[in-house]
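Student: I would like to learn how to read a ligand site and its charged pairs. Could you walk me through an example?

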Amino acid sequence: MNIILLGPPGAGKGTQARILETERGMVQLSTGDMLRAAVASGSDIGKQAKAVMEQGQLVSDELVIGVVSERLDQPDVAKGAIFDGFPRTAKQAEALDALLSQKSLALDAVVEMKVDDEEMVDRVSGRYACGKCGEGYHDRNKIPKVAGVCDACGSTEFKRRPDDNAETVRSRLVAYHEQTAPLLSYYGPRGKLKSIDGMAAIDEVTRQLKAALDG
Ligand code: AMP
């Protein structure tokens, strides 16, 4: 099964994708993670993406579509892809349709995670993750059980994304509403779209997500 998680920054797409990876053996395809890896490696793609990402704007469609196309050639995609943060524009959605059909893959569901914008600024500006296993934390809502030690893997290294600050989150929310939210009317008429409550507790969001995928 191949699915898209659609929602603004902070909606919980990455958190739910990680849960589906663990529980259903699917693979998370996060274009944000791929681009951050490119920036960290200092590759040409990373050099082109870095400043745009720091400003909370969208990297060019051509660049992102190229990254996804290459990723879809990896054999693990056969386990089922969870697109997280892609597509973000109409052009990307059309390109994804074309890529999936070239690779004889189907798109089974697009799940919208409905959330409240102001809450997203708080969620995103307080979040950080374990530098080793990626477990997510939040300054107020989810702190490690033992201060400074990751609950999941025991690492003492944590990382915070440079674009997870209140100002950049606001730009990212504008980009979402202007360029990504219109995809709801792209997928709606195709009968693929389901909506779930992204403001609920994580377990409840997972329950609704699974019901949407299995229903
Ligand atoms: P994310 O981790 O999904 O929040 O993405 C972080 C940043 O990477 C975004 O604010 C964009 O600058 C860039 N990015 C990630 N995915 C895309 C995409 N599909 N299209 C354009 N830019 C993207």
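Tutor: Gladly! Start with a polar contact, a pair of N or O atoms within 3.5 Å: here an oxygen atom of the ligand is 3.3 Å from an N or O atom in the side chain of Arg-172. Taken alone, the ligand exposes 490 Å², and the protein buries 97% of that (Shrake-Rupley method, 1.4 Å probe). This is a predicted model, where local features need pLDDT of at least 70 and side-chain atom pairs count only at pLDDT 80 or more, while totals for chains, interfaces and linings use all residues. Residues are numbered from 1 along each chain as its sequence is written, and side-chain values use heavy atoms, with hydrogens and water left out.

Student: How many salt bridges does the whole structure have?

Tutor: Side chains of opposite charge can pair when their charged atoms come close. With a side-chain nitrogen of Lys or Arg within 4 Å of a carboxyl oxygen of Asp or Glu as the criterion, a search finds 21 salt bridges. One of them joins Glu-204 and Arg-207 at 2.9 Å, N to O. Salt bridges that share partners also link Arg-127, Arg-161, Asp-163, Asp-164 and Arg-172 into one network. Within it, the closest N and O atoms of Arg-161 and Asp-164 are 3.8 Å apart.

Notes. Polar contact = N/O pair within 3.5 Å; in protein donor to acceptor, adjacent residues only side chain to side chain.
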